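Subject: Structure handover

Hello,

Here is the structure I promised you. Please open it and keep it beside this email as you read.

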Amino acid sequence: MHPILFTLPLPTWEFPLLPALLALAALGLVVAGYAEWHKARALTIFGAALAGTASFASFSLGQERVRLSDVQVPTWGVLVALWFVLAWWLCAENAERAGLDRRWAGNCFVIAALGALLASRVTYVLVTAHEGPDLDMFALRQGGLLGAGALLGALVAAAWFLRHHQISFWHWLDTSATSLALGVVLIRVGCYMHGCDFGVPQGAGAPAWLEALGSFPRWGDPDAAPVFGAAAWVTQVEQGLLPPERAASLPVQPVQLYEATLGLGLLLGAWYLTPRRRFHGQVGLTLLFAYAVMRFVLEALRGDLARGFFGPHLEPRFYLPIALLLFSAAFAYGPGLSFRRTRVRVISIGLSTLPAALLAWIAWNSREPVQLSATQWACLPLAFAVAHAWVRQTSALPRTKPGPNVATSQEPNL
């Protein structure tokens, strides 16, 4: 793992933080004014957010002094920035291919990204407040971002922007589907390189290559203070499972790579489905439904504790099959009914119940009760919301007229 991609050598320089924050706030106001003059609403909101954040920070951090020295550029941050640029370009390109204005697609993506960042941080602080009551909202070094909150924030911010400009939300959802899937891939690879969002310990019979992938290192010299390392290593040291002298953690499930691989499948699926969609929103809704199921299952393999847990303690052999049956019910209510042929519809709905039976068999020996994470609680209503939206969108499709060789069913043929 390489949490630091590279280091920028800078001269040592110490300066007060207040003037820098005030200058940043002034820059934000200038950007917002310039963008408003040119009717660039997304850039206006960005400038206003920059000015507001810098102004707020000047009150709480104005007395601090900053010592400028070598800057370490984290791999996670670089991959997130790379995703932002590529995702913005994909949104614009997909919109142009669909005959839409690429400018509003790019502007909407910027608004959605800002909403995702804000919501992911706020929801993380809220769900982990009982674990760290002194957690600073702006101190990302103390904690991270919540993926479910990021998705919700992006959808809400995009819906607000599109409604204000009288643009179809479903058009945007289709054009941004590949961007969202690409985010799953790059961000989870970044998490793996950083060593966060790790999985549960591996079993004794795990293959050597999987143990190598799931062993996260200690960083730095154990004889020097402070001793630090990847989140898996730190957690196991704090729990007394490892001595600080140990160079690597006990092997855990590399769940970040599992999610990145499945995210690549979502990306390929979105590319495949885009030219074949039958209604606006089908690509985006398919991706959201698949992501909800994928993320719910992968959360059961997560071993990091700072994610927020709620509800009763349940054994995985019980709650995983029950939850997957609920996802199957959502599929039967929405996407499953889109198959016009009765045989195909029945088979697809029947196959959707197989993961529940498979996980019931796999998790049968897992008897340690656990609570559902905040993300898992969010995935279930997301699946049913997607199914409901699917029904509403397909109900607006033109009906097929019966003929001698045409089935009388009114569902779209997918």
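Below is what I found, starting with the whole protein and ending at its surface.

**Overall**

Please note that this is a predicted model. The protein has 15 helices and eight strands. Its chain runs to 414 residues, and 41% of them are buried. Look next at the contacts between residues at least 6 apart in sequence. Of these, 76% join residues at least 24 apart. The protein exposes about 22300 Å². Carbon and sulfur atoms supply 67% of that area.

**The nonpolar cores**

Start with the largest nonpolar core, which has 60 residues. Which residues have the most contacts inside it? They are Trp-172, Leu-285, Phe-296 and Phe-327. Helix 11, residues 282-299, gives this core its largest share, with 10 residues. There is also a second, separate core of eight residues. Among its members are Tyr-192, Met-193, Trp-219 and Val-252.

Now zoom in on Trp-172.

**Thr-123**

Find helix 4, which covers residues 102-127. Thr-123 sits in this helix. Is Thr-123 buried or partly exposed? Its relative accessibility is 21%, so Thr-123 counts as partly exposed. The cut-off matters here: buried means under 20%.

What does Thr-123 touch, not counting residues up to four places away in sequence? Its partners are Leu-146 and Gly-149. Leu-146 is 23 residues from Thr-123 along the chain, yet their C-alpha atoms are separated by 6.4 Å. Thr-123 also has a polar neighbour within its own stretch of chain: a polar atom of its side chain lies 3.1 Å from the backbone oxygen of Ser-120.

**A nonpolar patch on the surface**

Finally, turn to the surface. Phe-318, Ile-322, Leu-326 and Phe-384 form a nonpolar patch there. Together they have about 360 Å² of accessible area. Which helix gives the most to the patch? That is helix 12, residues 316-333, with three residues. Phe-318 lies in helix 12. Its relative accessible area is 43%, so Phe-318 is partly exposed.

Best wishes

Terms used. Residues numbered from 1 in each chain as written. Predicted model: local features only at pLDDT ≥ 70, side-chain atom pairs only at ≥ 80, totals over all residues. Heavy atoms only, no water. Helix = DSSP H or I, 4+ residues; strand = E, 2+ residues; numbered from the N terminus. Buried < 20%, exposed > 50% of the residue type's maximum accessible area, 1.4 Å probe, protein only. Contact = heavy atoms within 4.5 Å. Areas by Shrake-Rupley, 256 points an atom, 1.4 Å probe, with all protein chains shown as cover. Polar contact = N/O pair within 3.5 Å; in protein donor to acceptor, adjacent residues only side chain to side chain. Core = buried A, V, L, I, M, F, W, Y, C linked by side-chain atoms within 4.5 Å. Patch = residues over 30% accessible without salt bridge, like charges linked within 9 Å, V, L, I, M, F, W, Y side chains within 5 Å. Salt bridge = Lys/Arg side-chain N within 4 Å of Asp/Glu carboxyl O.
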